[in-house]
Amino acid sequence: MPHRARPAALALGLAPVLAFAVSGCGADVSPEAGEGSGARASSGGHYPVTVENCGEKLTFEKAPRRVVTNDVGITEIMFALGLEDHMAGYVMPDDKGDLTKVPWKDGYRKTTWLSKERINKELVLDARADLVFAGWNYGFSEGDGFTPQTLRHVGIDSYLLSESCRNGQGKARGVMPPLDALYTDLRNLGKVFDVEDRAETLVARFRDQVAQAQAKAPKGADRPRVFLYDSGEDKPLTSGAYAGPHDIITKAGGDHVMKDLKDSWTTVGWETVVARDPEVIVINDYGDTTAEQKRRFLTSYKPLANVSAVKNDRIFTLDYVDLVESPRNPAAIGSLAAYLGGLGS
């Protein structure tokens with residue numbers, strides 16, 4: 001079990017966002033870079049290793065062997081690194097689309113789907129987990145009594161999704177640009193599981209994909225204003241500067257209208273959306289409300305009638321896993337860049 005040092009001060013400044021592009025629907029990882037039988041056995045010179053996670057130092061004496069992951073993006077980070085053999089299983093609802101056609105479908109085939117309900121302490125104890133990979137509002141919640149601290153009390157440690165790191169402003173989340181969060185987690189886990197070459201291969205490939213998408217994306221005055229709509233009718237849930245959609249929108253050639261919100265996923269008022277007049281709305285497709293139902297709401301909601309995106313029917317849909325931190329973020333940038341680039345033609 002890793003040892004946690006006292007939390008370090010969390011850096012709040014935005015580092016320059018790493019270049020990040022997309023082609024196809026995800027990384028095509030070669031066997032030596034992303035598939036295979038998991039990390040090498042704990043070898044003499046590698047361990048112990050220490051990584052920084054959400055401002056805390058974690059030291060591992062050996063690679064965890066029974067990891068439980070929560071949610072689709074987190075689970076696919078492990079699969080992209082070829083770490084199925086280090087997993088006890090994953091937890092996620094069954095509204096995450098067709099998992100048989102994703103780049104890491106073999107990971108789902110090889111790994112146990114532990115539950116379609118909320119992750120909890122009893123479940124991870126039954127799975128004999130030695131590490132839980134989840135995040136704040138990605139499984140961890142004081143309201144549910146499921147936190148890294150409660151797990152520590154029963155001998156299970158946690159790795160927090162970097163997108164979900166709290167930044168010291170109440171429960172606001174985000175301490176780095178969203179793509180930096182993805183690269184940070186890939187590199188940290190590469191070090192923890194002794195697969196650093198795989199991690200670097202993925203990061204390099206993702207950055208190249210994003211660069212390719214950016215080269216074709218709208219620039220300057222041609223960048224359309226874009227709003228991310230997750231859910232909600234009284235008040236919309238959307239993305240601030242620290243959730244995945246911020247980098248997906250901006251790298252795809254859009255101007256993110258909520259870029260001033262120093263949080264990840266948060267609510268705003270409809271009056272703010274109207275005032276910022278997005279020219280494109282991106283729908284987050286998941287849950288019991290379908291993307292088409294969300295579209296119908298947006299196009300029939302009277303306060304939005306004069307918003308440019310609604311008037312011109314410029315509404316684009318991405319899947320949930322495209323928009324939360326995941327190895328599918330590069331493909332999402334490419335898809336959105338192609339859509340935005342075609343608006344002026």
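Colleague: Which residues have the most contacts inside the largest nonpolar core?

Modeller: Phe133 and Phe193 do, in a core of 62 residues. Bear in mind that this is a predicted model, where local features need pLDDT of at least 70, side-chain atom pairs count only at pLDDT 80 or more, and totals for chains, interfaces and linings use all residues. Residues are numbered from 1 along each chain as its sequence is written, and side-chain values use heavy atoms, leaving out hydrogens and water.

Colleague: What makes a set of residues a nonpolar core?

Modeller: Its members are buried Ala, Val, Leu, Ile, Met, Phe, Trp, Tyr and Cys residues joined through side-chain atoms within 4.5 Å. Another core, of 19 residues, lies apart from the largest one and includes Trp136 and Leu160.

Colleague: Why is Phe227 called buried?

Modeller: Buried means under 20% relative accessible area, with a 1.4 Å probe and protein chains only. Phe227 has 0% relative accessibility, so Phe227 counts as buried. Phe227 sits in strand S10 (residues 225-229), a strand being a DSSP run of E with at least two residues. Beyond its neighbours within four places in sequence, Phe227 is in contact (heavy atoms within 4.5 Å) with residues including Trp270, Val273 and Ile281.

Colleague: Why are H6 and H7 called roughly antiparallel?

Modeller: Helix H6 (residues 178-192) and helix H7 (residues 196-216) pack at an angle of about 165°, their axes 7 Å apart. Angles over 145 degrees count as roughly antiparallel, and therefore H6 is roughly antiparallel to H7.

Methods. Axes fitted to C-alpha atoms, helices over the stretch in contact; angles between N-to-C directions. Helix = DSSP H or I, 4+ residues; strand = E, 2+ residues; numbered from the N terminus. Parallel < 35°, antiparallel > 145°, perpendicular 65-115°, else oblique. Buried < 20%, exposed > 50% of the residue type's maximum accessible area, 1.4 Å probe, protein only.
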